[in-house]
Amino acid sequence: MRTREHDLYDVMADSKIAPDQIATDAIAERLADVRDRIAQACDRAGRSPDEITLVSVTKTFPLDAIEHARSLGLHDFGENKVQEMVAKAEEEPGELNGGTLRWHMIGHLQRNKAKDVVAHADLFHALDSPRLAKELNKRARKADRVMPCLVQVNVSGEDSKYGIHPDETHDYLDSLAQYPHLHILGLMTLAEPTEDPEDVRPQFRQMRRLAETYDATDNPRVEMRYLSMGMSGDFEVAVEEGATHLRLGTALFGPRSY
Ligand SMILES: *Cc1c(COP(=O)(O)O)cnc(C)c1O
């Protein structure tokens, strides 16, 4: 008896598409579209796409998705839960551990997991409290490492979001001068989810202003190079406002199951 699965494989055989290629093609198409939209946003802002790092957010997607994305030339991968990042990084290590991709830990981190980030992450995007900074510095010292970090800022003002209050961000950056095992490379934010990405432009603009107005001359730990902002729903506006790292999940891999 022929099943629907047989029919499906016949169709694939006819069109010379291997079963495992189908998802790749969808990712390839989405990636082409994303790159196009980034290029157009760069044009509007007088920027070069070379200034932008695309962080592929692979949370909930299996290693296969990462392999597909790598075959398409993607190099930077982000996870928001430390356990999931560790599990994937053990299979596919980041540059820190001799691999050829980079792992970005983009979600809130509990202090008792700081050592996992130190062990596996190439860049940590969510430094958001004095106590976490102290713990990360301690863990990084034990691992004989300087941990590259971004400070998360809560520009949307939502209670549900982590991050330093914008008015306290410069003081917080100053306070990090005491930690020789942290290297602060910029700021990160999650804008408020909205229908119209224009609504969050002021939040991205405020991030840029916070980065530009910080005087790091007396703070050897801080170098304001990166702005990690922009997700699937708002990345073009983020590019126009100066983002250097876009964190894209859905726009590349399609909807997540949770
Ligand atoms: C999931 C996640 C993203 C990506 O979200 P999409 O809307 O799927 O692009 C970006 N940043 C953080 C911190 C996330 O947790």
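**Ground rules**

I am working with a predicted model, where local features need pLDDT of at least 70 and side-chain atom pairs count only at pLDDT 80 or more, while totals for chains, interfaces and linings use all residues. Residues are numbered from 1 along each chain as its sequence is written, and side-chain values use heavy atoms, with hydrogens and water left out.

**Whole chain**

I found ten helices and eight strands in the chain. Both kinds are DSSP runs numbered from the N terminus: helices are H or I with at least four residues, strands are E with at least two. The radius of gyration is 20 Å, close to the 18 Å from the globule rule for 258 residues, so the chain is as compact as a globular protein of that length. (That radius is taken over C-alpha atoms, and the rule is 2.2 Å times the number of residues to the power 0.38.) I also noted that the C-alpha trace spans about 75 × 45 × 35 Å along its principal axes.

Next I checked burial. Of the 258 residues, 47% are buried. Here buried means under 20% relative accessible area, exposed means over 50%, and partly exposed is in between (1.4 Å probe, protein chains only).

Then contacts, meaning heavy atoms within 4.5 Å. Among contacts with a separation of 6 or more, 63% are between residues 24 or more positions apart.

**Helix H6**

I tested the length of H6, residues 130–142. At 1.5 Å a residue, its 13 residues should span 18 Å, and the end C-alpha atoms are 19 Å apart, which agrees. The expected span is 1.5 Å times one less than the number of residues.

Which residues of H6 are buried? I listed Leu-132, Ala-133, Glu-135, Leu-136, Asn-137 and Ala-140. A reminder from my notes: an α-helix has 3.6 residues a turn, so residues three or four places apart point the same way. The cover over the buried residues of H6 includes helices H5 (114–120) and H7 (169–175), plus strands S4 (123–127), S5 (147–152) and S6 (182–188).

**Helix H8**

I did the same for H8, residues 201–212. Twelve residues at 1.5 Å each should span 16 Å, and the end C-alpha atoms are 16 Å apart, which agrees. Its buried residues are Arg-201, Gln-203, Phe-204, Met-207, Leu-210 and Ala-211. H7 and S6 turn up among their cover, which also includes strand S7 (222–228) and helix H9 (235–240).

I placed Asp-144 in the loop between H6 and S5. Is Asp-144 buried or exposed? Asp-144 is exposed, with a relative accessible area of 69%.

Thr-60 is not a glycine either, yet has a positive phi of about 70°. I found Thr-60 in the loop between strand S1 (53–57) and helix H3 (63–71). Thr-60 is partly exposed, at 26% relative accessible area.

I also looked up Gly-163, in the loop between S5 and H7. Gly-163 counts as partly exposed, at 25% relative accessibility. What does Gly-163 touch, leaving out residues up to four places away in sequence? I noted Asp-128, Gln-152, Val-153 and Asn-154. Gly-163 and Leu-182 are 19 residues apart along the chain, and their C-alpha atoms are separated by 17 Å.
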